[in-house]
Amino acid sequence: MAKIEAKDLVKRYKNAVALDGVSFAFDKKGAIGYLGPNGAGKTTTFKILTGLIRPTSGSAEINGLDVSKHIKEALLDVGAVIESPEPDKQQTVNEALHMAGEFRGMSNESINSQISKYNKLLELPPLDARNGRLSKGQRQRVSLVAALLSEPSVLILDEPTSGLDPIERVKLKNMFKLLKKDRLILISSHVTQEIQEVCDSILFINKGKIVGSGTVPALKKKYKSLERAYEKIIGH
Amino acid sequence: MNHQKSENISRSKEITVSFKYQFYSYLRTKRFLALALLVAVISIAVLVLEIHLGSAAITSQYKTSMAYLFNFMQNIIFTIVLVAAFLGGSAISTDFASNYSYFILVQPARRSSLLIGRYIAALVASFLIILVYYIFAAAGSLYFFSSIPAAFATSIGLSVLFIASVLSLAFFISSLFNNPQTSTVAVVILLVIVLPMLSSLLPAFVSLEPWFLINYGGQVVYNVFSTNFVHFSSISLPTKAGSYKISQYQPYLLEGVEIMLGYLIVFMAAALYTYKYKQVLN
């Protein structure tokens with residue numbers, strides 16, 4: 001099963017409304033782009049989906065489990081990279097990945113074989129390097145591998161290519177194309193080019209509201225290009 | 001693609017994983033090494049000074065190993081409080097200051113398990129440092145009196161309880177802040193300055209037994225070596241208006257244990273609650 005559902009999510013801060021009735025549901029394998037300008041509510045949505053913050057009202061479900069009520073069970077089959085995660089500075093890359101794997105009940109052998117597999121795809125920094133000495137891009141890759149270790153059926157990725165160089169971005173996009181074949185991936189970005197290369201469908205969010213959606217081919221057909229679709233729908 | 005599916009692990013396994021990796025981290029921090037070195041240097045300095053003074057001088061001054069250890073252990077409260085403040089003061093706040101929360105809190109583990117694992121790691125790390133103090137105390141007792149009293153084991157047990165209770169308070173304060181430097185300073189000011197001052201001033205000036213202060217309860221750690229324990233004493237100082245009474249209290253053993261257990265339970269529950277519901281807003 002791979003399912004993500006947001007039900008009328010509202011998130012209010014002291015003087016601002018970050019999300020204003022966001023609803024969507026996806027239950028098929030593939031990649032969904034979550035597109036919007038900075039401050040639109042993308043990260044807030046993802047934080048609610050991963051239990052980092054609570055909604056003011058509404059609910060978020062992963063694989064049918066309410067995240068705010070069953071956080072551990074809901075996250076068990078989810079790999080998430082939100083903002084720019086920083087593994088413990090004192091730990092080595094290997095330890096950070098082993099910790100992530102052990103929380104998911106993986107054996108040492110499985111963790112090692114998964115690290116080896118993703119090391120080939122993403123070129124991790126040396127496994128004995130301390131996380132505190134890694135560059136932002138290296139930390140991002142460690143966090144991505146931690147999210148992918150147990151091959152979760154749902155991936156929630158908040159601007160996953162930020163901090164990566166152009167070659168790394170290409171590698172990652174190719175990997176997402178491979179991964180989406182047997183899992184549901186929700187990717188946020190404000191870069192349309194990146195999204196259209198990887199995603200099958202797109203959700204547009206602006207000022208805390210879902211303002212449009214559609215499959216990539218349908219949007220391209222209607223608006224000629226995804227950039228134009230973004231301009232028309234978001235209004236930028 | 002070969003799928004390596006996640007498995008729901010037990011709470012005890014979650015705590016074990018959290019403990020294991022946090023403990024590795026503690027052992028590598030500069031503050032752990034600095035505190036261990038500081039305690040070792042002070043303990044060695046005291047012992048070397050005593051040896052320099054000569055066995056005859058020490059044995060004639062203290063008479064028994066109990067009296068010797070009662071004196072040697074006078075600084076244990078300050079040492080424990082300092083160690084626990086520095087190891088526990090940033091234990092939770094560090095999640096919310098750095099982007100570590102985005103790495104650790106998206107793992108399928110209960111926050112309560114993460115906190116308990118870290119707490120046990122801090123407890124073991126703190127105890128390792130305090131053990132250095134006890135090793136030199138034991139060495140001194142053996143050197144000068146050729147014996148270690150049975151109360152030594154009781155004192156170690158009470159030290160563990162005192163570390164646990166101080167860490168509980170430190171973890172709670174840490175959970176209230178989003179900046180590890182601020183939370184560490186807050187914990188140090190409270191534990192090293194404010195509470196010791198209160199536990200001295202309240203009995204002295206308002207004749208109030210500070211049964212609600214952790215530093216007061218912790219005194220049982222060295223009071224177990226006391227050969228002439230007095231719970232309450234007072235002296236009258238002559239003033240122009242008559243006389244002024246200054247009181248002093250020492251906690252009973254059971255009273256000290258109750259105070260420490262009270263802090264341990266209340267502040268651990270508060271820390272667990274705060275951490276569980278704290279949102280990652282930055």
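In chain A of this predicted model, strand β4 (residues 57-62) is joined to β5(A) by two bridges, and the two strands run antiparallel. One residue pair can be picked out here: E61(A) has D66(A) in β5(A) as its bridge partner.

This pairing belongs to an open sheet of four strands in chain A, ordered β2-β1-β4-β5 and paired in antiparallel fashion. Its edges are formed by β2 (17-26) and β5 (65-66) of chain A, each of which pairs on one side only. Strands of a sheet pair through backbone hydrogen bonds, in either a parallel or an antiparallel way.

Chain B also has an antiparallel pair: strand β1 (residues 232-239) and strand β2 (residues 242-249) of chain B are joined by eight bridges. The link from β1(B) to β2(B) is a hairpin of two residues. Within this pair, P238(B) stands opposite S243(B), which belongs to β2(B).

**Chain B as a whole**

Chain B contains 13 helices and two strands. Its C-alpha trace spans about 80 × 50 × 30 Å along the principal axes. Of the 282 residues in chain B, 53% are buried. How much of the contact in chain B with a separation of 6 or more comes from residues 24 or more positions apart? Such residues account for 79% of those contacts.

Helix α8 (residues 111-145) of chain B has 35 residues. From its first C-alpha to its last, α8(B) reaches 49 Å, close to the 51 Å expected at 1.5 Å a residue. Just after α8(B) comes S146(B), with a positive phi of about 55°. S146(B) is a residue other than glycine, and its place is the loop between α8 and α9 of chain B. With a relative accessible area of 61%, S146(B) is exposed.

Another helix of chain B, α4 (residues 65-72), has S65(B), A67(B), Y68(B), L69(B) and F72(B) as buried residues. What do the buried residues of α4(B) pack against? Their partners are α2 (30-53), α3 (55-62), α8 and α9 (151-176) of chain B.

**Two helices of chain A**

In chain A, helix α4 (residues 108-122) and helix α6 (residues 166-179) have axes that come within 10 Å and cross at roughly 130°. Angles of 65 to 115 degrees count as roughly perpendicular and those over 145 as roughly antiparallel, so an angle between these ranges is oblique. The two helices α4(A) and α6(A) are therefore oblique to each other. From α4(A), the residues Y118(A), L121(A) and L122(A) meet K171(A), L172(A), M175(A) and L179(A) of α6(A). Sorted by class, the contact of α4(A) with α6(A) has six nonpolar residues, one charged residue and no polar ones.

The loop between β7 (154-158) and α6 of chain A holds E159(A). E159(A) is not a glycine, yet its phi is positive, at about 45°.

**Single residues and their surroundings**

| Residue | Relative accessible area | Class |
|---|---|---|
| A146(A) | 1% | buried |
| S201(A) | 18% | buried |
| K13(B) | 38% | partly exposed |
| S146(B) | 61% | exposed |

A146(A) sits in helix α5 (residues 136-148) of chain A. Leaving aside neighbours within four places in sequence, A146(A) is in contact with L97(A), A100(A), R104(A) and F103(B). A146(A) and G101(A) are 45 residues apart in sequence, and their C-alpha atoms are 7.3 Å apart in space.

S201(A) is part of strand β9 (residues 201-206) of chain A. Which residues does S201(A) touch, not counting those up to four places away in sequence? They are A31(A), I32(A), G33(A), G214(A), T215(A) and V216(A). Why does S201(A) count as buried? Its relative accessible area is 18%, and buried means under 20%.

K13(B) lies in helix α1 (residues 11-28) of chain B. K13(B) and L202(B) are 189 residues apart in sequence, and from C-alpha to C-alpha they are 45 Å apart in space.

Key
Residues numbered from 1 in each chain as written. Chains lettered and ligands numbered in written order. Predicted model: local features only at pLDDT ≥ 70, side-chain atom pairs only at ≥ 80, totals over all residues. Heavy atoms only, no water. Expected span 1.5 Å × (residues − 1). Pairing = 2+ DSSP bridges. Axes fitted to C-alpha atoms, helices over the stretch in contact; angles between N-to-C directions. Parallel < 35°, antiparallel > 145°, perpendicular 65-115°, else oblique. Contact = heavy atoms within 4.5 Å. Nonpolar A, V, L, I, M, F, W, Y, C, P; charged D, E, K, R; others polar. Buried < 20%, exposed > 50% of the residue type's maximum accessible area, 1.4 Å probe, protein only.
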